Amino acid sequence: MAKNLVIVESPAKAKTIEKFLGSDYTVKSCFGHIRDLAKGDEAIDVKNNFTPSYEVSDDKKAIVAELKKLSKEAEIVWLASDEDREGEAISWHLSEVLKLDDAKTRRIVFHEITKPAIVKAIANPRGIDRNLVDAQQARRVLDRLVGFELSPVLWKKVKANLSAGRVQSVAVKLIVDREREINSFNTTSAFRVIARFNVGGKQMDAELAKRFETEAEAQAFLEKCTGAKFNISNLEVKPAEKTPAPPFTTSTLQQEASRKLGYGVSTTMSIAQKLYENGLITYMRTDSVNLSELAIGAAKKHITETFGERYSRPMRYTTKNDSAQEAHEAIRPTYFENVEIDGTNQEKRLYDLIYKRAIASQMAKAQIERTLATVSISGLPETLLATGEVLKFDGFLKVYLESTDEEGDDENSKMLPPLNKGEELLLKNMEASQRYTRPAARYTEASLVKKMEELGIGRPSTYAPTISTIQKRGYVIKEDREGKDRPFVVLTLEKEKINREEKSEKFGSEKSKLFPSDIGMLVTDFLSKHFEQIMDYGFTASVEEEFDKIASGQLVWNKMIEKFYGPFHIGVTKTSETAERQNAERLLGNDPESGLPVYVKVGRFGPFAQIGENSEEGKEKPRYASLRSGQLIETITLVEAMDLFKLPRVIGNFEGKDMKAAIGRFGPYIMHDSKFISIPKTDDVFAITSERAIELIESKRISDANKLIKIFAEDENVKILNGRWGPYISRGKDNFKIPKTQKADELKYSDVLEIIKAEGKSETSSKAANKTAPKKVAVKKTAAKKTAAKKSAAKKAK
DNA sequence: CAGTGAGCGAGCTTCCGCTTGACTT
């Protein structure tokens with residue numbers, strides 16, 4: 001039996017470390033926290049100094065039993081959980097639950113999984129830091145008290161099954177605040193003037209520094225420019241440089257993967273988890289931009305060998321964020337020699353991103369020459385400005401360029417033609433186009449994470465789960481929105497003549513953005529009204545300061561909790577007893593036909609509109625209609641609400657059966673003969689004619705008839721069908737893509753089985769696959785790469 | 001894949017952070 005037992009948090013980490021240490025060491029993982037507050041409301045003894053009662057979580061019982069046994073047999077137990085608040089607490093819980101003897105227990109820490117770091121840690125053990133543990137207890141107890149006292153207030157005053165918490169409630173508030181900011185935004189427009197010159201056969205654009213508020217002013221300016229002469233009055237060439245971004249943290253990885261690859265934050269995290277488990281990248285839940293000495297050296301070697309010495313710029317980054325706990329390295333490839341990897345497409349793409357970001361962070365700055373050309377206009381004080389850039393040395397740009405959240409026109413990195421001071425320029429045309437101001441952008445999952453990180457709310461391990469929670473609770477909806485058209489005016493001066501044109505542009509279209517729901521707004525308003533402190537964006541930051549004081553021994557944890565809890569609990573009791581039920585009812589006006597009042601409110605099945613008063617004796621019952629997705633109680637107008645009552649609408653009769661138009665969960669549809677036919681976006685549900693509806697019904701019949709391409713005698717569950725994106729294979733509930741190299745109608749049953757196997761979903765998902773799989777897996781495994789042998793080997797081998 | 005929208009008031013819900021696996025013939 002091994003003399004030493006080392007306990008870390010993550011199994012993948014355990015595997016790596018075991019390789020660094022000799023056979024005298026057994027390395028095991030405890031899978032994070034092994035113990036937590038007991039489940040119910042009684043876990044914290046509020047009257048008795050907030051004494052917490054802990055329980056081993058059900059899913060940890062087995063691992064705890066195993067660790068108990070191993071720790072009894074070991075001579076020394078090394079607690080090697082992360083060096084931060086939570087990690088320290090994990091070590092403490094382990095020592096309590098395993099009943100470890102102080103004499104044979106050592107606490108060690110390291111920030112990176114490299115051999116020198118581990119060896120050094122083993123040589124410098126310490127004891128468990130009780131102050132740090134207390135800081136964690138304070139954090140845990142505070143979160144439980146806040147969450148479990150606020151949520152019941154919501155059940156009572158708003159709606160059942162709702163939740164509130166230090167992190168989630170503020171995350172929702174960010175989205176609600178942003179939505180209101182957008183709704184109250186005052187869009188203005190101004191005319192932007194751009195002159196296009198012809199310089200030696202090349203076009204050069206120059207922009208007027210100021211914009212004109214009205215069309216008349218823009219018109220007047222263009223008139224004054226008619227017949228004017230244009231000269232280069234000043235020419236400036238300035239050197240500039242671009243610096244690479246630091247390597248990824250969890251938050252920046254989520255942002256870039258969202259912008260460059262379009263992944264949601266939980267997708268990104270689960271792909272990263274796979275990469276980590278396969279030993280390809282370092283730990284993916286981190287707030288540190290630090291790279292190990294070893295990594296910096298390896299990057300330098302790789303860069304020098306691949307790009308040359310002058311591309312190398314070893315660099316140590318430091319974290320600016322106050323709330324960072326830096327228990328890990330930044331996210332980087334384990335080996336810089338692994339330029340490409342085996343894996344799924346998603347794994348390859350995410351790895352590529354991580355790889356390039358990390359290597360670029362160790363590369364030279366890019367050298368740029370920026371040219372500013374000022375163009376004067378004869379007889380006018382105004383000047384035009386043309387800017388251009390020439391890349392003198394690419395440096396890190398050879399591999400990676402960070403993207404930004406800002407949408408819209410990027411005018412950079414254009415090259416200017418050769419110019420001389422004093423040179424007269426030939427005007428091709430001058431355009432004054434009307435540009436509208438834009439409100440702040442709605443949050444994406446990733447940009448919300450960025451904001452939360454800035455505010456110190458949440459941790460790398462909780463960003464993705466928190467964002468799922470607020471969507472699951474229905475506070476927030478992630479969706480696309482169609483843009484609307486709006487006209488804009490363009491005035492063009494060309495050949496001494498001014499031409500006016502009215503064009504149209506789309507604005508306000510959104511892709512995968514976060515929108516608040518009515519309930520989200522309702523809850524945010526309720527909490528903001530009664531629990532201002534918790535909803536303050538600075539609340540977490542201020543309690544973090546206190547946790548830091550506890551960690552440094554300047555404050556006693558339950559004293560801190562007491563000070564917070566006293567007033568907080570009074571507020572909870574008071575609100576619970578006296579506050580009015582929060583509802584979002586709004587009177588929109590009166591129905592123009594009946595004169596009855598029109599309301600919008602939240603009901604059991606979501607928000608709806610209502611014509612007429614609630615159940616008055618003898619009176620007619622009110623009429624109801626659900627709000628459509630995207631409509632909010634706060635912003636819906638009477639006209640929009642009245643439209644809701646126009647559906648469902650009988651639009652005609654076909655083959656002896658009524659055709660009804662309505663809007664369902666998946667958008668507008670026609671119901672005929674109890675069949676659904678969806679109405680395309682190009683048609684209007686309110687105006688669609690019976691002729692058009694018949695057309696749609698008939699084309700649906702044709703496409704249904706063509707849906708089946710082939711069915712197989714061998715297994716009638718297996719079919720080739722024609723779908724929205726072309727032919728595909730269907731087997732029971734699973735669908736499979738047909739490779740582009742193969743023709744759908746020529747596929748034989750054996751080909752189909754091949755394809756199903758290659759796509760492989762999970763091997764256990766079906767009996768048919770499982771029967772044939774084991775043999776193949778065994779064969780392919782030997783051929784597969786040395787990357788830690790996993791069950792998924794069959795999937796990866798090609 | 002929409003017709004609903006109230007109630008005698010049972011017994012339930014809920015937090016944040018740390019880590020993965022996910023019933024089997």
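Colleague: Which strands does helix H2 lie across?
Modeller: Keep in mind that this is a predicted model. Helix H2, residues 61–73, lies across E1, E2 and E7. Its direction is at about 160° to E2.

Colleague: And what does helix H1 lie across?
Modeller: H1, which spans residues 11–20, lies across E1 and E2. H1 runs at about 170° to E2.

Colleague: OK, what's the strand order in the open sheet?
Modeller: It goes E2-E1-E7-E8, four strands with parallel pairing. Strand E2 (25–29) and strand E8 (105–107) are the edge strands, each pairing on one side only. On average, neighbouring strands in this sheet are turned by 20° against each other, ignoring direction.

Colleague: How many bridges join E1 and E7?
Modeller: Four, between E1 (residues 4–8) and E7 (residues 76–79), in the parallel sense. Asn 4, for instance, has Ile 76 in E7 as its bridge partner.

Colleague: Switching topic: how many helices and strands does chain A have?
Modeller: Chain A has 22 helices and 30 strands. Its C-alpha atoms fill a box of roughly 90 × 90 × 70 Å along the principal axes.

Colleague: What share of the residues is buried?
Modeller: 45% of the 798 residues in chain A. As for the surface, chain A exposes about 42,900 Å², and carbon and sulfur atoms supply 50% of that.

Colleague: Last one: how many positive and negative side chains are there?
Modeller: Chain A has 130 positive and 118 negative ones, and the centres of the two sets lie 5 Å apart.

How values were computed:
Residues are numbered from 1 along each chain as its sequence is written. Chains are lettered from A and ligands numbered from 1 in the order in which they are written. This is a predicted model: local features need pLDDT of at least 70, side-chain atom pairs count only at pLDDT 80 or more; totals for chains, interfaces and linings use all residues. Side-chain values use heavy atoms; hydrogens and water are left out. Helices (H or I, at least four residues) and strands (E, at least two) are DSSP runs, numbered from the N terminus. Buried means under 20% relative accessible area, exposed over 50%, partly exposed in between (1.4 Å probe, protein chains only). Accessible areas come from the Shrake-Rupley method with a 1.4 Å probe; for residues, only the protein chains shown count as cover. Lys and Arg count as positive and Asp and Glu as negative; His and the chain ends are not counted. The place of a charge is taken as NZ of Lys, CZ of Arg, CG of Asp or CD of Glu. Two strands pair if DSSP finds at least two bridges between them. Axes are lines fitted to C-alpha atoms, for helices over the stretch in contact, and angles run from 0 to 180 degrees between N-to-C directions. Contact means heavy atoms within 4.5 Å.
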